[in-house]
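Here's a quick briefing to read alongside the model. Have the sequence and the 3D view open as you go.

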Amino acid sequence: MSIKTLVSSTIVFSVLAGSATMSAQASSSFNSQDDSVTVYSSRKEHLIKPLFEAFTKDTGTKVEYLTGKGGALIERLKLEGANTKADMFMTVDAGNLWYAGSQDLFQSVQTETLKSNIPAYLRDPQGLWTGLSIRARTIVYNTDRVKPEELSTYADLATDKWKGKLCLRTSKKVYTKSLVSSLIYHHGKDKTADIVKGWVDNLAATPNAKDSHVMSAILSGQCDVGLVNTYYFGRLIEKNPTAPLKIFWANQDTTGVHVNVSGAGVTKHASNAKGATQLLEWLSSAKAQAIYGSLNKEYPANQNVASDDVVSAWGSFKQDDMNLSQAGILQADGVKLMQIQGYR
Ligand code: FE
């Protein structure tokens, strides 16, 4: 474990959970008795620090935060129970948020502000968590070898015309699990099993560990098409603007593109639930949403806020409006189905 100072006004504590680090802005101790809000976050520091600083500037309330892997933070919250310092838990993917909710780590927060800022399908029906940014998981293709007219749906990637041309991320990743859960929700288990089998039959290579590897494989000619989260595409194009790679909005004539969220909830044992609720509402506000979207090339969850220029340039698209709690509810079925169909 290492203790390091990030900036002069920030104290960073080392903690038990792996490489997690705790930051407290100009605060003398972690468990301060004031009205500060403590956040455990699997979102990286550079994605949350600007938001927390803006919140503190607006409200005067300090935010202390600890970053680490989502799974480790969930285990930590479970172990700490009623003694936790965390008032809020923040992570990516509805599958993870749902899991934290299923472990009784959140309390219900359903305020008029959250309801008016964030559409219902991006919030837990019981108010346990709220989506704060949207990422779309859609088709990416090599523009030298594929014409957009050839593309249509997630299910189409299971047809024979893509034999040996498809690259996919591993089924172990929650992003894949959530996408397959959405297919089960829309098409049922039997049809989804057929789709997943078709994908596996069409694979050009063993599933990749990362979305960035899927795109590298497409660029190297190993495969022609794949599925990625939009912000990974944005990062690659930023570094390599002439790469022959584009995204295609899947399922526009049917169910819409599978979207997922990063989000947060107020912890069950929050000592400052009021402050955490205030922070959650502030994060859903137009001001915070504009910052949130631009930090990681994501889409604002607040539909009244415009996307930033880079993201807007990819064009508008129809989103799948399945309530994202389904990504958790159907996850076990999805995992089983992928195992049976040999999706590694
Ligand atoms: Fe990611």
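Residues are numbered from 1 along each chain as its sequence is written, and side-chain values use heavy atoms, with hydrogens and water left out.

**The iron ion**

- Y175, Y231 and Y232 coordinate the iron ion, each through OH, at 2.0 to 2.1 Å.
- Donors here are N, O and S atoms within 2.8 Å of the metal (3.2 Å for Na, K and Ca), and water is not among the atoms, so sites may look incomplete.
- Y231 is buried at 2% relative accessibility, and Y232 is buried too, at 17%.
- For the cut-offs, buried means under 20% relative accessible area, exposed means over 50%, and partly exposed is in between (1.4 Å probe, protein chains only).

**Confidence**

- Mean pLDDT for the protein is 91, with 90% of its residues at 70 or more; pLDDT is the predictor's confidence in each residue, from 0 to 100.
- Residues 1-20 have pLDDT below 50, and the model gives this stretch 45 contacts beyond near neighbours in sequence; a contact means heavy atoms within 4.5 Å.
- Residues 24-29 also stay under 50, with 16 contacts beyond four places in sequence.
- Where pLDDT is low, the predicted coordinates should not be read in detail.

**The disulfide**

- The count is one disulfide, taking a disulfide as a pair of cysteine sulfur atoms within 2.5 Å.
- C167 and C223 form this bond, with their sulfur atoms 2.0 Å apart.
- C167 sits in strand β7 (residues 166-167) and C223 in the loop between α6 (211-220) and β8 (225-229), so the bond ties together parts that are 56 residues apart in sequence.
- Helices (H or I, at least four residues) and strands (E, at least two) are DSSP runs, numbered from the N terminus.
- The S-S torsion of C167 and C223 is about -105°, so the disulfide is left-handed.
- C167 is buried at 0% relative accessibility, and C223 is buried at 1%.

**Two domains**

- The protein splits into domain 1 (3-133 + 261-306) and domain 2 (135-258 + 325-340), with bounds from an automatic or database domain assignment.
- Domain 1 puts 17 residues into the contact and domain 2 puts in 15 residues.
- Between them, domain 1 and domain 2 bury about 1,200 Å², 54% of it on carbon and sulfur atoms; buried area is the accessible area (1.4 Å probe) that two parts lose on being put together, summed over both.

**Loop residues to look up**

- V109 is in the loop between α3 (94-102) and α4 (112-117), and at 9% relative accessibility V109 is buried.
- Leaving out residues up to four places away in sequence, V109 touches L114, G127, V266, T277 and L280.
- V109 and G127 are 5.0 Å apart, C-alpha to C-alpha, and 18 residues apart in sequence.
- D104 lies in the loop between α3 and α4 and has a positive phi of about 65° although it is not a glycine.
- K297, in the loop between α9 (286-295) and β11, has a positive phi of about 55° and is not a glycine either.
- Most residues other than glycine have a negative phi.
- D104 is partly exposed at 44% relative accessible area, whereas K297 is buried at 11%.

Note on methods. This is a predicted model: local features need pLDDT of at least 70, side-chain atom pairs count only at pLDDT 80 or more; totals for chains, interfaces and linings use all residues.
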